[in-house]
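Work through the exercises below with the sequence and the model side by side. Each task is followed by a solution that goes step by step.

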Amino acid sequence: MNKTHGKPIYVDYIVKLPKRSLEEFCRWVYRFMGNAQFISPQYLAEQHQKFARALINRYSSKAI
């Protein structure tokens, strides 16, 4: 955990899960999409990036 003025800037978590639990865990992480980052395994990091880009595309394609 890195802190500024006593408040966390970010918190690193390492979670070991069986493969059968990854889908549910990913859905939980996506609730925090703007504040979460998968670092490894690589395929989860790429999947998270893919979903983030899809979200950006959804909102940037709308005429405001």
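**Exercise 1.** Which residues do ring pairs link into a cluster?

Solution. This is a predicted model, in which local features need pLDDT of at least 70 and side-chain atom pairs count only at pLDDT 80 or more, while totals for chains, interfaces and linings use all residues. Residues are numbered from 1 along each chain as its sequence is written, and side-chain values use heavy atoms, with hydrogens and water left out. Rings of Phe, Tyr and Trp (its six-membered ring) pair if their centres lie within 6.5 Å, and planes under 30 degrees apart count as stacked, over 60 as edge-to-face and the rest as tilted. By this rule the structure holds five aromatic pairs. In the pair of Trp 28 and Phe 32, the ring centres are 5.2 Å apart and the planes stand at 65 degrees, so this pair is edge-to-face. The cluster linked by ring pairs consists of Phe 25, Trp 28, Tyr 30, Phe 32, Phe 38 and Phe 51.

**Exercise 2.** Find which side chains meet in a salt bridge, and say how they are placed in the helix.

Solution. A salt bridge is a side-chain nitrogen of Lys or Arg within 4 Å of a carboxyl oxygen of Asp or Glu, and the count comes to one. The partners are Arg 27 and Glu 23, at 3.2 Å from N to O. Because they are four residues apart in helix α1, Arg 27 and Glu 23 are separated by about one helical turn. For their surroundings, take buried as under 20% relative accessible area, exposed as over 50% and partly exposed as in between (1.4 Å probe, protein chains only). Glu 23 is exposed at 60%, whereas Arg 27, at 49%, is partly exposed.

**Exercise 3.** Which residues form a nonpolar patch on the surface?

Solution. Patches are made of residues with over 30% relative accessible area and no salt bridge, where like charges are joined within 9 Å and nonpolar side chains (Val, Leu, Ile, Met, Phe, Trp, Tyr) within 5 Å. Accessible areas come from the Shrake-Rupley method with a 1.4 Å probe, and for residues only the protein chains shown count as cover. The patch is formed by Val 11, Tyr 13, Val 15 and Leu 17, which together have about 390 Å² of accessible area. Of these, Tyr 13 is exposed, with a relative accessible area of 68%, and Tyr 13 is found in the loop between β2 (7-10) and α1 (22-30).

Notes. Helices (H or I, at least four residues) and strands (E, at least two) are DSSP runs, numbered from the N terminus.
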